[in-house]
Amino acid sequence: MEGGSEVKWIKHYSSSHTILLVGEGDFSFSTCLARTFGSAHNMVATSLDSIMLGFYRNAMDNIDELKSRGCTVMHGIDAKTMAQDPTLAQCRFDRIVFNFPYAHGVEKFCARSFQLSEHRNLVRLFFENAKKLLAFNGEIHVTHKTNSFHCEWDVQGLANLTGLRLVEEVDFNLSDYPGYSNKLGVGGVKMDKSFECQPSSTYKFRHA
């Protein structure tokens, strides 16, 4: 129900927040927020590679809906350098959201040490860039799996290194986000498949 205050996660995001969404797959998370708010004039939704959109069957419909609701949609935005984008550099956001960060071009057959280094580098540089775009008292939200290999990324430690502090960690439940379909990135994108995202947490950071 659009604008329904009973939605569990509405306390984390509000139509009064300026929101930057980073690394969107098929833009279903952005669309979920927009439908709840009833409008998306407060949102900027971004993806890294517009070519990949052709592999997600619902991506263009979601983007069309976002634009019709007033959302700014941008492609070619790299989480590692986004603060240098001339449009984003002029903005300050109350919430910057990156769901399930995964380094571009890292495949499972790569050495484990290489995978870990690339993923950690992505998250660290994202934090460094997001800090520059964060409004006073704004929050950076990263949703990340909390089992096995993913624990080794040490998302909280990387945030601390970049001058951010953890203010809250909450369990992530996919069912709280109606319509959101978490998608595989490079390597699995051609199959338009989702991945198992439980257990996961959403980590919320502010300036230290």
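Predicted model: local features only at pLDDT ≥ 70, side-chain atom pairs only at ≥ 80, totals over all residues.
Colleague: Which element gives the most residues to the largest nonpolar core?
Modeller: That core has 32 residues, and L20, M82, L88, I96, F126, F127 and I140 touch the most other members. Elements giving two or more residues to the core are β1 (19-22), β4 (93-99), α3 (112-132), β5 (134-145), α4 (155-161) and β7 (200-207). With six residues, the top contributor to this core is α3.

Colleague: Which residues does I140 touch, leaving aside those up to four places away in sequence?
Modeller: I140 is one of the core residues that touch the most other members. With that exclusion, the contacts of I140 are I96, F126, F127, A130, K131, L134, L164, Y203, K204 and F205.

Colleague: What does α3 span from its first C-alpha to its last, and which elements cover its buried residues?
Modeller: α3 has 21 residues, for which 30 Å is expected at 1.5 Å a residue, and the model comes close to that with 31 Å. Its buried residues are Q115, L116, H119, L122, V123, L125, F126, F127, N129 and A130. The cover over them includes β1, β4, β5, α4, β6 and β7.

Colleague: Why are the buried residues of α2 on the same side, and what arc do they cover?
Modeller: In α2 (residues 59-68), the buried residues are A59, N62, I63, E65 and L66. They lie on the same side of α2 because the arc they cover around the axis is only 160°. On the other side, D61, K67 and S68 are exposed. What covers the buried residues includes α1 (28-37), β2 (43-46) and β3 (72-74), and the arc asked for is 160°.

Colleague: Which peptide bond is cis?
Modeller: Most peptide bonds are trans. The exception here involves P199, in the loop between β6 (164-171) and β7. Omega is near -5° for the bond from Q198 to P199.

Colleague: F27 and S148 both have a positive phi without being glycine; is each buried or exposed?
Modeller: F27, with phi about 65°, is in the loop between β1 and α1. S148, with phi near 45°, is in the loop between β5 and α4. Buried requires under 20% relative accessible area and exposed requires over 50%. F27 is at 0%, so F27 is buried; S148 is at 55%, so S148 is exposed.

Colleague: What kind of pair do the rings of F100 and F172 form?
Modeller: The ring centres are 5.6 Å apart and the planes are at 85°; planes over 60 degrees apart count as edge-to-face. F100 lies in the loop between β4 and α3, F172 in the loop between β6 and β7, and the two are 72 residues apart. F100 is buried at 11% relative accessible area, and F172 is buried at 1%. The pair is edge-to-face.

Colleague: Which residues form one aromatic cluster with F100 and F172?
Modeller: The count of aromatic pairs comes to twelve. Besides F100 and F172, the cluster holds Y13, F29, Y177, Y180 and F195.

Key: Residues numbered from 1 in each chain as written. Heavy atoms only, no water. Core = buried A, V, L, I, M, F, W, Y, C linked by side-chain atoms within 4.5 Å. Buried < 20%, exposed > 50% of the residue type's maximum accessible area, 1.4 Å probe, protein only. Helix = DSSP H or I, 4+ residues; strand = E, 2+ residues; numbered from the N terminus. Contact = heavy atoms within 4.5 Å. Arc of directions from axis to C-beta. Expected span 1.5 Å × (residues − 1). Phe/Tyr/Trp six-rings, centres within 6.5 Å; stacked < 30°, edge-to-face > 60°.
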